[in-house]
Amino acid sequence: MRKAIFLQFLTGVLACLSVFSVNAEDPYRYYTWTVTYGTVSRLGGHQQGILINGLFPGPPIEAVTNDNIIVNVINKLDEPFLITWNGVKQRRTSWQDGVLGTNCPIPQNTNWTYKFQLKDQVGTYNYFPSTQMHRVFGGYGALNIAARSVISIPYPIPAQEFTILVSDWYKNFGDHKALQKRLDDGHALPVPDSLLINGRPNSLSFTGQKGKTYKFRVSNLCIETSINFRIQGHTMTLVEVEGAHTLQEVYESIDVHVGQSVAVEITLNGSPKDYYIVASSRFTKPILTTTAILHYDGSHTPPSLPLPIAPTYHLHWSMKQARTIRTNLTANAARPNPQGSFHYGQIRVVRTIVLENTAVKINGKLRYAVNGISYVDPSTPLKLADWYNISGVFDLKTIKDKPTHGALAKAGVSVIGLTLHDYVEIVFQNNDTTVQSWHLDGSSFYVVGYGGGQWTTDMKKKYNLADAVSRHTVQVYPSSWSAVYVSLDNKGMWNLRSAIWSRRYLGQQLYLRVWNNEHSVYTETDVPPNALYCGKAKRP
């Protein structure tokens with residue numbers, strides 16, 4: 001009798017746990033995206049754009065921390081295609097990263113389904129094509145992650161959120177293939193012809209009510225151009241940078257470099273009329289400017305000139321501002337624990353990697369190299385080669401941890417081998433005359449320092465080891481360096497690349513192989529059942 005009662009009790013407990021488990025599973029969001037060509041008219045002419053479900057830009061993903069994202073991508077282009085999820089860390093799932101180092105591209109007239117979780121992330125992100133030069137003419141969109149309802153946010157809850165995607169545009173190329181041919185022929189790209197906001201020049205309007213506060217999520221999806229963002233007659237309070245809640249500094253304008261995202265709040269405390277929202281290029285001649293409208297509800301007064309003044313052309317202004325962007329140590333992010341509870345400045349660095357970008361000639365054509373190696377995608381994704389022990393795809397000795405001065409640059413497959421949980425310092429050295437922008441997949445890093453000239457170990461004395469901002473993309477000013485600390489706690493093959501897409505296309509990228517010899521789903525999932533195979537990798 002007692003045994004029967006116990007079994008009934010145990011059955012009831014298990015049933016309750018089962019129900020709890022089902023109810024506790026994080027939500028799923030399903031999308032089906034058809035990628036096609038379509039005519040885009042932006043600066044008076046007709047060009048071939050890349051549309052998702054007929055839209056340019058593509059549809060936004062509005063999600064919540066820990067949501068599971070399922071995206072079925074149907075490729076109706078005439079060439080293979082991939083989408084990467086800019087800033088999504090892909091915890092344990094580098095298979096879903098959507099770059100050629102991890103995925104075979106989706107062949108034309110077929111589909112492939114991405115499956116990933118927005119694990120412990122909150123903030124402003126985006127997606128775009130990673131193949132060829134597709135992203136120049138579309139295929140991109142917003143990916144915003146809201147906090148869970150049980151997690152407070154450390155700034156006033158806005159009345160509404162608006163997304164601003166700033167991109168650059170070339171009117172003299174009919175499609176991405178014509179622009180790509182220029183690069184293949186060994187020529188650099190010219191300055192773009194225009195900037196767009198949400199795919200449009202000077203035609204968008206955002207409406208708010210006087211006295212209320214609004215959040216603007218701003219992403220720089222340009223392929224070449226740093227921008228400055230500002231709103232006429234209003235100041236902006238910075239609240240978030242690529243998933244990190246920041247000290248709430250107030251700015252009249254803010255620089256956002258290629259690949260970066262920020263979130264700012266503004267309060268509509270001006271006279272009830274319309275105001276210009278302005279994005280202008282930084283460090284270009286001529287300066288490119290595009291506008292949208294901030295419309296006060298009920299206003300019948302159009303915005304008036306002049307536009308708010310752009311910051312000085314000098315680099316020092318931008319670097320000085322960059323140093324003011326710092327982490328709010330007492331605020332939470334996606335989790336309830338304070339961001340300052342991770343004492344990044346007190347952890348021992350096990351390895352320092354110095355990466356120097358250069359413009360080089362290989363076989364008489366322009367290429368870009370990192371530490372003397374100009375990256376070339378092999379036909380077999382690095383991740384598949386690593387998983388199945390396929391030889392002849394990459395060699396961990398191809399690229400060095402420091403620049404190799406004096407040696408001729410060469411094409412190669414650059415992969416740096418690192419151990420899971422390594423704590424690494426990466427220094428980006430830029431001896432070029434233009435601003436660089438570097439992005440890391442799979443992890444965020446702490447931007448501990450910027451400086452002019454050549455980096456030396458003495459520069460460590462100037463590092464911010466207390467409240468540096470954590471982000472996935474960092475700018476490097478001309479004839480300058482930027483230094484980051486990164487905790488490599490996400491196993492996989494991760495792309496470290498120039499966010500300036502022509503430079504990435506011509507070789508300014510590499511991969512970090514974050515690895516240990518333990519085979520466990522707690523550190524990395526198995527190859528997905530729907531994985532595509534190509535090159536030397538054959539389906540088992």
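Predicted model: local features only at pLDDT ≥ 70, side-chain atom pairs only at ≥ 80, totals over all residues.
Visitor: In strand 33, which residue is the bridge partner of Asn495?

Guide: Strand 32 (residues 492–498) and strand 33 run antiparallel and are joined by six bridges. Within strand 33, Asn495 has as its bridge partner Tyr511.

Visitor: Which residue in strand 33 does Gly417 stand opposite?

Guide: Strand 25 (residues 415–419) pairs with strand 33 in the parallel sense, over five bridges. The residue of strand 33 opposite Gly417 is Arg513.

Visitor: How many of the seven residues of strand 33 are buried?

Guide: Strand 33 covers residues 509–515, and a residue counts as buried under 20% relative accessible area. The strand is largely enclosed by the rest of the structure, because the buried residues among its seven number six.

Visitor: How many residues apart in sequence are the parts that Trp95 and Trp387 tie together?

Guide: The structure holds 28 aromatic pairs. One of them is formed by Trp95 and Trp387, with 5.1 Å centre to centre and 80 degrees between the planes, an edge-to-face pair. Trp95 lies in the loop between strand 5 (83–86) and strand 6 (110–117), whereas Trp387 lies in helix 4 (residues 382–387), so the separation of the parts tied together is 292 residues.

Visitor: Are the rings of Phe428 and Trp438 stacked or edge-to-face?

Guide: The ring centres of Phe428 and Trp438 are 5.1 Å apart, and the planes stand at 20 degrees. Planes under 30 degrees apart meet the criterion, so the pair of Phe428 and Trp438 is stacked.

Visitor: In which strand does Trp438 lie?

Guide: Phe428 is buried, at 1% relative accessible area, and Trp438 is buried as well, at 0%. The two residues are ten residues apart and link distant parts of the chain. Phe428 belongs to strand 26 (residues 422–430), and Trp438 belongs to strand 27 (residues 436–440).

Visitor: At what distance from the ring centre of Trp501 does Arg135 lie?

Guide: Lys273 lies over the face of Tyr275, at 5.3 Å from the ring centre. Arg135 lies over the face of Trp501, and its distance from the ring centre is 4.8 Å.

Definitions and conventions. Residues numbered from 1 in each chain as written. Heavy atoms only, no water. Buried < 20%, exposed > 50% of the residue type's maximum accessible area, 1.4 Å probe, protein only. Helix = DSSP H or I, 4+ residues; strand = E, 2+ residues; numbered from the N terminus. Pairing = 2+ DSSP bridges. Phe/Tyr/Trp six-rings, centres within 6.5 Å; stacked < 30°, edge-to-face > 60°. Lys NZ or Arg CZ within 6 Å of the ring centre and 35° of its normal.
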